[in-house]
Number of protein chains: 2
Amino acid sequence: VEAARARVATTLGIRPEGVVFTSSGTESNNLAILGYVRSLAARGRRCEDMTVLTTAIEHSSTLETMNELRRLGVMVEVLPVTHEGIVTAATLKAALTQGTVLVTLAYANSEVGTVQAVHALARTLRAFERSSPGTRIALHVDAAQAPLWLPCDLPRLDADLLSLDGGKCGGPKGSGVIAFRKDVEISPILFGGGQEGGKRPGTENVAAIVGIAEALSLAQASYEERARKVSRVRDAAIARLCAALPEAVLNGPMGEERLANNINLSLPGLDTEYAVVVLDTAGIAASTKSACAGAGGGESAVVLTLSGDAARSRSTLRLTLGEETSLTDFDRVGAVLQEFCIRQSGLTQ
Amino acid sequence: VEAARARVATTLGIRPEGVVFTSSGTESNNLAILGYVRSLAARGRRCEDMTVLTTAIEHSSTLETMNELRRLGVMVEVLPVTHEGIVTAATLKAALTQGTVLVTLAYANSEVGTVQAVHALARTLRAFERSSPGTRIALHVDAAQAPLWLPCDLPRLDADLLSLDGGKCGGPKGSGVIAFRKDVEISPILFGGGQEGGKRPGTENVAAIVGIAEALSLAQASYEERARKVSRVRDAAIARLCAALPEAVLNGPMGEERLANNINLSLPGLDTEYAVVVLDTAGIAASTKSACAGAGGGESAVVLTLSGDAARSRSTLRLTLGEETSLTDFDRVGAVLQEFCIRQSGLTQ
């Protein structure tokens with residue numbers, strides 16, 4: 001366990017004491033956000049005097065934790081995002097006040113792949129802290145989607161807290177990490193033994209801990225090359241799919257601002273939940289949303305926030321690439337979807 | 001996941017909807033206790049109007065959760081136990097009031113092996129409920145130590161909530177279950193997706209879930225025969241160890257009231273933490289306390305509560321048996337400890 005902790009610490013550029021193993025990215029987000037607020041409350045700051053900033057396109061483990069913060073009396077303010085899902089430094093700057101204690105956002109959006117300019121946002125926070133003596137604003141980054149594709153070094157990002165999920169980067173399900181820098185305190189949100197520096201009780205799940213440490217280390221060792229390679233396939237695949245499907249609209253940004261392995265299209269007017277079933281029959285795994293957002297049915301809150309378009313948010317299709325996914329794979333995806341669109345359009349005419 | 005849930009439900013005598021998978025026994029205890037209190041609070045009951053009963057010899061995941069309840073404003077009352085660690089029905093009856101909402105205790109104590117008469121305690125609660133219309137007192141049983149040795153059927157025990165830990169009954173670490181009956185509500189204590197019926201968010205750890213279901217099923221299929229066989233070895237081993245070590249005192253009860261696989265001795269005046277190291281060198285795994293109670297150092301709060309004897313609580317030695325542990329194994333334990341006692345007594349004289 002301690003060797004795994006040291007390995008994660010080296011990978012993320014922090015001390016081993018700043019690494020706490022959890023059971024998932026969801027638990028990590030809960031512990032980062034509630035644990036940070038609880039630590040401030042334990043030092044005498046009233047919940048009513050704290051403001052936490054976030055966005056409307058976060059993962060459900062952040063959005064639902066925001067509702068818990070509201071129940072505790074904390075002010076939660078939702079930052080606007082661009083049509084591509086980006087939080088700009090200007091937007092963040094305008095929202096900061098003396099009461100702001102925490103900013104929490106995803107490094108890369110799990111549905112539409114938008115990558116935030118974390119370091120630029122951190123710079124905005126630091127500038128505000130300097131201009132308002134006595135303020136301290138922690139930056140929490142939900143990096144669950146990031147390790148295989150983006151740098152996760154905390155000092156380099158200038159983030160205070162980072163959440164990670166083993167199952168999202170080639171490690172075992174049931175493993176998570178919360179990483180935090182030297183001057184950051186978190187209080188536990190589950191209660192029991194003194195494991196994990198008193199921050200997360202329960203018998204250590206050694207296999208999961210070793211697994212996530214190995215996965216993070218391998219993911220970060222070669223993320224640049226991997227991202228370069230896969231984003232090239234992604235861009236060609238998007239072009240091919242849009243050519244094959246005239247009704248398709250891309251959700252989220254293009255280029256560097258998009259997660260290397262993410263494609264998210266809307267097929268307005270069509271039933272993409274049924275498309276997922278048809279693709280599955282053809283051996284192609286796709287989804288409409290995040291599993292944690294109830295992938296089964298309903299609209300995508302993320303795409304609705306970005307586009308304001310109900311038809312678009314009800315017809316999302318998320319396709320994610322692995323290192324081995326080839327453009328040839330997308331010929332098959334395109335063919336299946338093309339037939340699906342023709343049939344469905346025929347049915348509705 | 002759903003097949004595993006059905007299997008656990010059958011094993012525990014409840015509906016599948018009453019089975020929630022967690023990451024550990026610690027998380028299960030937190031969710032059972034805090035989740036039950038939160039569900040009452042969500043339905044309008046003030047924390048200040050709730051009393052929870054427990055004992056001073058619970059596992060740290062219960063004791064620390066009691067401290068969280070106190071912070072929330074809930075009244076926590078500590079039931080006295082006998083010198084053997086037993087909560088009597090009379091003691092429980094005397095403590096019940098209109099404000100009592102929950103009684104939480106371990107089925108079998110993790111340090112000294114005391115088994116509570118859960119069904120008799122449940123009968124006391126039901127009688128109180130009948131005599132005081134409008135009261136509803138849930139019984140939560142921490143059954144982490146139980147599945148291999150004791151019946152865990154909820155209707156048979158007449159318990160409302162039961163916590164289980166996979167790693168304690170032959171299943172994987174990082175797996176837990178909370179089981180509850182039809183008329184019991186719990187609110188989540190971690191926030192995110194709608195997994196596990198909205199009671200525990202996060203991507204399902206399928207391997208851990210299948211593992212704990214298999215372990216619980218196998219454990220409960222043959223617990224009676226296993227307990228009969230192992231308790232016979234236990235009793236002979238206790239006799240042999242006490243004969244070899246005149247200074248030894250047994251902590252906890254004998255016979256049916258003791259967990260079949262538990263031996264807990266005190267060697268007053270001796271450094272049993274060092275004894276654990278000496279035993280380890282001889283290939284024998286022992287402990288002084290529960291790992292979650294900081295097995296490293298200090299006194300046993302459980303033995304101090306039972307005996308009121310500081311020397312006894314500072315010199316505990318816990319030896320647990322498996323199905324394959326033989327009396328011959330204890331000849332070796334006895335010999336190593338005998339030599340240890342002679343040397344240590346020599347040193348202190």
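This is a predicted model: local features need pLDDT of at least 70, side-chain atom pairs count only at pLDDT 80 or more; totals for chains, interfaces and linings use all residues.
The relation between the two chains was examined by superposition. Two copies of a chain are related by a rotation about an axis and a shift along it. Here, chain B is superposed on chain A by a rotation of 180 degrees with 0.0 Å of shift along the axis, and the RMSD is 0.0 Å. The two copies are thus related as by a two-fold rotation axis. In chain B, the residue that comes closest to this axis is B:S23, whose C-alpha lies at 3.1 Å.

The interface involves 30 residues of chain B, which are in contact with 30 residues of chain A. Of the interface residues of chain B, 100% are also interface residues in chain A, so the copies meet through the same surface. About 2,200 Å² is buried between the two chains, and carbon and sulfur atoms give 54% of this area. On the side of chain B, the residues that lose the most area to chain A are B:K173, B:L190 and B:F191, which together account for 26% of what that side buries.

Eight residue pairs are in polar contact between chain B and chain A. Two helices of chain B, α2 (25–42) and α3 (60–72), each supply at least two residues of the side that touches chain A. Helix α3(B) gives the most to that side, with six residues. By residue type, the side of chain B that touches chain A divides into seven nonpolar, 14 polar and nine charged residues. The number of salt bridges between the chains is two. In a salt bridge between B:R38 and A:E68, the N to O distance is 2.6 Å.

Over all chains, the whole structure holds 38 salt bridges. Side chains of opposite charge can pair when their charged atoms come close. In chain A, the side chains of A:D331 and A:R240 form a salt bridge of 2.6 Å, N to O. This pair links distant parts of the chain: A:D331 belongs to helix α12 (residues 327–348) and A:R240 to helix α8 (residues 223–244), 91 residues apart. Both partners are partly exposed, A:D331 with a relative accessible area of 37% and A:R240 with one of 36%. A further salt bridge joins A:R234 and A:D235 at 2.9 Å, N to O. In this pair A:R234 is buried, with a relative accessible area of 1%, whereas A:D235 is partly exposed, at 29%.

In chain B, B:R126 forms a salt bridge with B:E129, with 3.4 Å between the closest N and O atoms. Both residues lie in helix α5 (residues 118–131) of chain B, three residues apart, which is about one turn of the helix. B:R126 is buried at 13% relative accessible area, and B:E129 is buried at 16%. In chain A, salt bridges that share partners join A:R126, A:E129, A:R136, A:D158, A:D160, A:R181 and A:D183 into one network. The side chains of A:E129 and A:R136 are joined by a polar contact of 3.3 Å. Beyond its neighbours within four places in sequence, A:E129 is in contact with A:T135, A:R136 and A:I137.

Terms used:
Residues are numbered from 1 along each chain as its sequence is written. Chains are lettered from A and ligands numbered from 1 in the order in which they are written. Side-chain values use heavy atoms; hydrogens and water are left out. Contact means heavy atoms within 4.5 Å. Buried area is the accessible area (1.4 Å probe) that two parts lose on being put together, summed over both. A salt bridge is a side-chain nitrogen of Lys or Arg within 4 Å of a carboxyl oxygen of Asp or Glu. A polar contact is a pair of N or O atoms within 3.5 Å; within protein, one must be able to donate a hydrogen and the other to accept it, and residues adjacent in sequence count only if both atoms are side-chain atoms. Helices (H or I, at least four residues) and strands (E, at least two) are DSSP runs, numbered from the N terminus. Ala, Val, Leu, Ile, Met, Phe, Trp, Tyr, Cys and Pro count as nonpolar, Asp, Glu, Lys and Arg as charged, and the others, Gly among them, as polar. Copies are superposed by least squares on the C-alpha atoms of residues with pLDDT of at least 70 in both. Buried means under 20% relative accessible area, exposed over 50%, partly exposed in between (1.4 Å probe, protein chains only).
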